[in-house]
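Let's take a walk through this structure together, one region at a time.

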Amino acid sequence: MIAIASETIEQQANRLLEKSIIYYQQKPVGTVAAADSEREALNYDQCFIRDFIPAALVFLIQGKTDIVDNFLLETVGLQKKKRRVDCYEPPTGLMPASFKVESSENGQYLHADFGDKAIGRVTPIDSCLWWIILLRVYTKATGDRELAHSDNFQEALAFILEICLGPQFEMTPTLLVPDGACMIDRPMGLSGHPLEIQSLFYIALRAAREMLVRNTEGEVLIDKINNRLGSLVYHLRDYYWLDLKKLNQIHRYQSEQFGESVVNKFNIYPESIPYWLTEWMPDRGGYLAGNLGPGKMDFRFFSLGNLVSIMGSLTTEEQSLDILKLIEQRWSDLIGQMPMKLCYPAISGLEWRIVTGCDPKNTPWSYHNGGSWPVLLWTMMAACQKMGREDLGDRAMAIAELRLAQDDWAEYYDGKNGRLIGKSSRKFQTWTVAGWLLAKLLRENPHCLDWVCFEADTEAIACNI
Ligand code: GLC
């Protein structure tokens, strides 16, 4: 693409975002994932729910509410569509990973993918969580509570909450999911209770509580939400948190402890602390671990889950500041030449073979396995603004601006410091464009921050043990 010489980066971003809009029956309903004419489209010509979030926020800040309204209405309709994997019918509460406009002799229709067509048949659990979060953003931005309060939308919320809060074979308040159920939609060792899902679950529950009509059914759901939020926040703040003090505790943990009041509840073996972490953990700062299950802690740093936790006040004020301190102290690893790392560090060798199933796209320091994703800029900026660390957000933006337009808004970057454009990265990736634009708009319109952030919760039933 040849940019008109006088076009600023911002003008270019706005033009590309406009060009990415998908129309259905002459109405804007979403945006394509990427508009790269040099690569096979696969499903990148579809509107992904998760990819649309930063674009939706940009549109709302710019007062273009129609497209978000249409998107919400159409996806509510899709939620009820039948979906099938062979003879199995997954539950109604799921929202599709993506959808596409198709044509037949009867006119246009929307075709949704619930993971029944996606590579690896991954379940898009984050879609329904992002959907609730977007509904709250829309309501806050427009002041229109009617849409969320309509029967159709209350039913959609209830469907989602039914799967999330329903009975499960679990002893923890976290949401149990299969691998690849979120932005990292390929095998990367995320099955169980990955942080990204837990942080989205937390803010989706808080958003749902604000959106539910307080009638008899609504009150029942709100009670359930308040119970779950209290135990969820306790569990994550306590058991997922890692800093030098905690690392010292784990290093000296006794294992095989039986009974109710033991210290090492999840039977984490000190030997499982990876070598890199003992050097990498700064004296000041900390973060939430990537995953936790019986006898197993994933010590990797996942950016999205940590930043969303700050935005949603899932972490305490002190923990939130500590996460940003860690990013500051490990700047070259996490921000490097392109903000920012999806996860750190990469897995390699035998571990890569076992965990990814030898995925050639997720080789060390590429794609989901330690690649850098500019879309994360908006969450970085929002978290920084919330905690009064705009200086860090500005530094990250200054780095990104040097290359994003020049590299045709690449999907992701490779290499330890994010210097190389991703091996299979697409150009003109919509959420790269929208992520950068949104970070810029949030910085200029701090009053919009509260559409995506939450103050500390005072309603949940506190977990007192
Ligand atoms: C890749 C990403 C996924 C994204 C999709 C469309 O599959 O892993 O998170 O939604 O591309 O951009």
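Predicted model: local features only at pLDDT ≥ 70, side-chain atom pairs only at ≥ 80, totals over all residues.

Now step back into the helix itself. H4 runs over residues 125-142, which makes 18 residues. From its first C-alpha to its last, H4 reaches 27 Å, close to the 26 Å expected at 1.5 Å a residue. How many of the residues of H4 are buried? The count is 15 of 18, so H4 is mostly covered, with buried meaning under 20% relative accessible area.

In soluble globular proteins, nonpolar side chains tend to be buried together. In this model, the largest nonpolar core has 162 residues. The members with the most contacts inside that core are Leu72, Trp131, Phe301, Ile327 and Trp378.

Next, bring the ligand into view. Which residues are found around the ligand? They are Ala33, Tyr44, Phe48, Arg50, Asp51, Met183, Asp185, Tyr367, His368, Glu411, Gln429 and Trp431. A polar backbone atom of Met183 is 2.7 Å from an oxygen atom of the ligand. For Tyr44, a polar side-chain atom lies 3.4 Å from a ligand oxygen. In Tyr367, an N or O atom of the side chain is 3.5 Å from an oxygen atom of the ligand. On its own the ligand has 310 Å² of accessible area, and the protein covers 95% of that.

Now find His193, in the loop between helix H6 (151-165) and helix H7 (195-211). Is His193 buried or exposed? Its relative accessible area is 6%, so His193 is buried. Its side chain makes a polar contact with the side chain of Glu170, at 2.4 Å. Not counting residues up to four places away in sequence, His193 touches Glu170, Thr172, Thr174, Leu175, Leu176, Gln198, Tyr240, Gly290, Asn291 and Leu292.

For a contrast, look at Glu318 in helix H12 (residues 317-329). Glu318 has a relative accessible area of 61% and is therefore exposed. Glu318 and Cys463 are 145 residues apart in sequence, and their C-alpha atoms are 19 Å apart in space.

Our last stop is a pair of residues that touch each other. Ala456 lies in the segment after helix H18 (449-452), and Ser313 is in the loop between helix H11 (303-311) and H12. Beyond four places in sequence, Ala456 touches Arg206 and Ser313. With the same exclusion, Ser313 touches Tyr202, Arg206, Arg237, Lys386, Phe454, Glu455 and Ala456. Why does Ala456 count as exposed? Its relative accessibility is 55%, and exposed means over 50%. Ser313, at 6% relative accessibility, counts as buried.

Notes
Residues numbered from 1 in each chain as written. Heavy atoms only, no water. Core = buried A, V, L, I, M, F, W, Y, C linked by side-chain atoms within 4.5 Å. Buried < 20%, exposed > 50% of the residue type's maximum accessible area, 1.4 Å probe, protein only. Helix = DSSP H or I, 4+ residues; strand = E, 2+ residues; numbered from the N terminus. Expected span 1.5 Å × (residues − 1). Near = heavy atom within 4 Å. Polar contact = N/O pair within 3.5 Å; in protein donor to acceptor, adjacent residues only side chain to side chain. Areas by Shrake-Rupley, 256 points an atom, 1.4 Å probe, with all protein chains shown as cover. Contact = heavy atoms within 4.5 Å.
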